[in-house]
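Me: I would like to go through this structure by question and answer. Please give the cut-off with each term.

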Amino acid sequence: MYSSLETKAGQEIAVLLNAFRNEHDGEVFNDFIYFPMKERYEYEQVFLAAKKETDDRNRMREKQIAELDMLRQELESEQKELFRPYRKVIEVSGNGWGDRSLE
């Protein structure tokens with residue numbers, strides 16, 4: 001629950017209030033924790049910065065994977081072109097490559 005407290009000097013402090021009930025030796029205790037919103041904001045900023053960095057790295061990784069895939073396709077295409085004049089020789093020699101590696 002969101003709340004605010006006032007200091008002796010009259011300054012308002014925004015807080016989150018967490019409360020829970022405990023029982024110990026048959027007695028019930030109510031525990032309250034006040035969490036200053038300033039700290040929460042700071043934690044959120046650290047979390048958001050880490051999330052942004054992770055997202056940026058994931059985007060970069062995806063871009064690099066796409067670039068590598070494009071280079072692989074170009075290399076395969078160039079390899080086919082290099083072997084094109086020798087295709088018949090390789091097929092006739094019966095080296096086991098067949099059409100797989102030259103297509």
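Me: Is Asp 56 buried, partly exposed or exposed, and what is its relative accessible area?
Reply: This is a predicted model, in which local features need pLDDT of at least 70, side-chain atom pairs count only at pLDDT 80 or more, and totals for chains, interfaces and linings use all residues. Residues are numbered from 1 along each chain as its sequence is written, and side-chain values use heavy atoms, with hydrogens and water left out. Buried means under 20% relative accessible area, exposed over 50%, and partly exposed in between (1.4 Å probe, protein chains only). Asp 56 therefore counts as partly exposed, with a relative accessible area of 31%.

Me: Which helices and strands does the chain have, and in what pattern?
Reply: Helices (H or I, at least four residues) and strands (E, at least two) are DSSP runs, numbered from the N terminus. The chain has 2 helices and 3 strands. Read along the sequence, the pattern is β-β-β-α-α.

Me: How many bridges join S1 to S2?
Reply: Two strands pair if DSSP finds at least two bridges between them. Strand S1 covers residues 2-6 and strand S2 residues 12-24, and the two run antiparallel. Leu 5 stands opposite Ile 13 in S2. The number of bridges joining S1 to S2 is 5.

Me: Which residue in the turn between S1 and S2 has a positive phi?
Reply: S1 and S2 form a hairpin, with 5 residues between them. The phi in question is about 90 degrees, and the residue is Gly 10.

Me: In S3, what is the bridge partner of Leu 17?
Reply: S2 is joined to strand S3 (residues 27-36) by 10 bridges, and these strands run antiparallel. One of the pairs is Phe 20 with Asp 31 in S3. For Leu 17, the bridge partner in S3 is Tyr 34.

Me: How many residues lie between S2 and S3 in their hairpin?
Reply: The turn of this hairpin holds Asp 25, which has a positive phi of about 55 degrees. The number of residues between S2 and S3 is 2.

Me: Which strands are the edge strands of the sheet?
Reply: The sheet is open, has 3 strands in the order S1-S2-S3, and is paired antiparallel. An edge strand here pairs on one side only. The edge strands are S1 and S3.

Me: What angle does the direction of H1 make with that of S3?
Reply: Axes are lines fitted to C-alpha atoms, for helices over the stretch in contact, and angles run from 0 to 180 degrees between N-to-C directions. Contact means heavy atoms within 4.5 Å. H1 packs on the sheet and touches S1, S2 and S3. Its direction makes an angle with that of S3 of about 65 degrees.

Me: How far apart are the closest N and O atoms of Arg 57 and Glu 53?
Reply: A salt bridge is a side-chain nitrogen of Lys or Arg within 4 Å of a carboxyl oxygen of Asp or Glu. Both residues lie in helix H1 (residues 37-83), 4 residues apart, about one turn of the helix. Arg 57 is exposed at 56% relative accessibility, while Glu 53 is partly exposed at 43%. Their closest N and O atoms are apart by 2.8 Å.

Me: What is the N to O distance in the salt bridge of Arg 59 and Asp 56?
Reply: Arg 59 and Asp 56 both lie in helix H1, 3 residues apart, about one turn of the helix. The N to O distance between their side chains is 2.4 Å.

Me: Which residues do salt bridges that share partners join into one network?
Reply: The whole structure holds 7 salt bridges. Among them is Asp 69 with Arg 72, at 2.6 Å between the closest N and O atoms; both lie in helix H1, 3 residues apart. The network itself joins Lys 52, Asp 56 and Arg 59.

Me: Which residues form the aromatic pair, and what is the angle between the planes?
Reply: Rings of Phe, Tyr and Trp (its six-membered ring) pair if their centres lie within 6.5 Å; planes under 30 degrees apart count as stacked, over 60 as edge-to-face and the rest as tilted. The search of the whole structure finds 1 aromatic pair. Phe 35 is partly exposed at 28% relative accessible area, whereas Tyr 43 is exposed at 52%. Phe 35 and Tyr 43 form the pair, which is stacked, with 6.1 Å centre to centre and an angle between the planes of 20 degrees.
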